[in-house]
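Biologist: I'd like to learn how to read a structure like this one. Could you take me through it feature by feature?

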Amino acid sequence: MTFLRCPMTRQACYDLDFQALMGDVRPLSRTGNRADPGHGRRSPSEAQLARRESAAAELEGHGFLSDDFVDLMPPFDPLAYRRDGIQQGVVDRLRHGGYADQARLHLLRRPLEECRRALPPFIHEAYAHDLRSVLIVHGRGQAIDSPANVLRSYLAKWLTQFPEVQAFVSAQPSDGGLGATWVMLRKSERAKSANRERQQKRRG
């Protein structure tokens, strides 16, 4: 058997085979060495932008309120809370309805997540309108693990997370009893300024 030897070097033979395989393929130029992905990304529509803003606002509104584990409040224990600097006499007056009922939020028989969404805008809007005392009606369960009692327990946790809230306390039977909670909001800077102006006018 006779073997034919290639008169060229082995590397030269490989180069010829590679050129035959590539055919008329041409290398990319240095200025255009990126694939064309087609049309550029389109700008979001007005409807898409509106949905994004709405989602961001909703997240900003209640995202800080956690629905993680909470210790359940016993069904017959009243809620009571006051920040440092708030006198007990203010809380006692709040409990007995001594301040005007300026706004109410009804959460009775509403799902917990819906309540979590509804609470922040209610508190923020009341504060923006210089309201000082508001009532939240939430109901009270008879069993320790009943839904209304779960909501009441979360409210006790959530309300302390609002810097606008100075105190809250369970209402008297005439205002809903343990199924409702009075909330006192701090004065806004606008309200404080208006109060100072009134005092100055009285002093002459």
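We'll go from the overall fold to single residues.

Modeller: Before anything else, keep in mind that this is a predicted model.

Biologist: Fine. How many helices and strands does the protein chain have?

Modeller: There are 6 helices and 5 strands in the protein chain. Going along the sequence, they come in the pattern α-α-β-α-β-α-β-α-β-β-α.

Biologist: And what order do the strands take in the sheet?

Modeller: The sheet is open and has 5 strands, ordered S1-S4-S5-S3-S2, with mixed pairing. Its edges are strand S1 (80–82) and strand S2 (104–106), each of which pairs on one side only. On average, neighbouring strands are turned by 20° against each other, with direction ignored.

Biologist: Now the helices. Which strands does H3 lie across?

Modeller: H3 lies across S1, strand S3 (133–137), S4 and S5, and it runs at about 50° to S4. H4 packs on the sheet too, touching S2, S3 and S5. The direction of H4 makes about 160° with that of S3.

Biologist: Can we zoom in on one residue? Where is Ser-170, and is Ser-170 buried or exposed?

Modeller: Ser-170 sits in strand S4, which covers residues 165–170. With a relative accessible area of 3%, Ser-170 is buried, because the cut-off for that label is under 20%.

Biologist: What does the side chain of Ser-170 reach?

Modeller: The backbone nitrogen of Leu-79, at 2.6 Å. Then widen the view to contacts, leaving aside neighbours within four places in sequence: Ser-170 touches Pro-78, Leu-79, Arg-95, Arg-152, Gly-177, Leu-178, Ala-180 and Thr-181.

Biologist: Arg-95 is on that list of contacts. Which residue forms a salt bridge with Arg-95?

Modeller: First the general idea: side chains of opposite charge can pair when their charged atoms come close. In this case the partner is Asp-92, and the closest N and O atoms are 3.0 Å apart.

Biologist: Why are Asp-92 and Arg-95 about one helical turn apart?

Modeller: Because they are 3 residues apart in helix H3, which spans residues 88–95.

Biologist: How many salt bridges does a search of the whole structure find?

Modeller: It finds 5 salt bridges. One of them brings the side chains of Glu-114 and Arg-110 together, at 3.0 Å from N to O. Glu-114 is partly exposed, with 29% relative accessible area, and Arg-110 is partly exposed as well, at 27%.

Biologist: What about Arg-117? Which side chain meets that of Arg-117 in a salt bridge?

Modeller: That's Glu-113, with an N to O distance of 3.9 Å. The cut-off for a salt bridge is 4 Å, so this pair counts. Arg-117 and Glu-113 are 4 residues apart in helix H4 (residues 112–128), so they are separated by about one helical turn. Arg-117 is partly exposed at 36% relative accessible area, and Glu-113 is partly exposed at 30%. Salt bridges that share partners also join Glu-113, Arg-116 and Arg-117 into one network.

Biologist: Let's step back to the whole chain. What share of its contacts comes from residues 24 or more positions apart?

Modeller: Among contacts in the protein chain with a separation of 6 or more, the share is 72%.

Biologist: And how much of the chain is buried?

Modeller: Of its 204 residues, 30% count as buried. The accessible surface comes to about 14,500 Å², and 52% of that belongs to carbon and sulfur atoms.

Terms used:
Residues are numbered from 1 along each chain as its sequence is written. This is a predicted model: local features need pLDDT of at least 70, side-chain atom pairs count only at pLDDT 80 or more; totals for chains, interfaces and linings use all residues. Side-chain values use heavy atoms; hydrogens and water are left out. Helices (H or I, at least four residues) and strands (E, at least two) are DSSP runs, numbered from the N terminus. Buried means under 20% relative accessible area, exposed over 50%, partly exposed in between (1.4 Å probe, protein chains only). A polar contact is a pair of N or O atoms within 3.5 Å; within protein, one must be able to donate a hydrogen and the other to accept it, and residues adjacent in sequence count only if both atoms are side-chain atoms. Contact means heavy atoms within 4.5 Å. Two strands pair if DSSP finds at least two bridges between them. Axes are lines fitted to C-alpha atoms, for helices over the stretch in contact, and angles run from 0 to 180 degrees between N-to-C directions. Accessible areas come from the Shrake-Rupley method with a 1.4 Å probe; for residues, only the protein chains shown count as cover.
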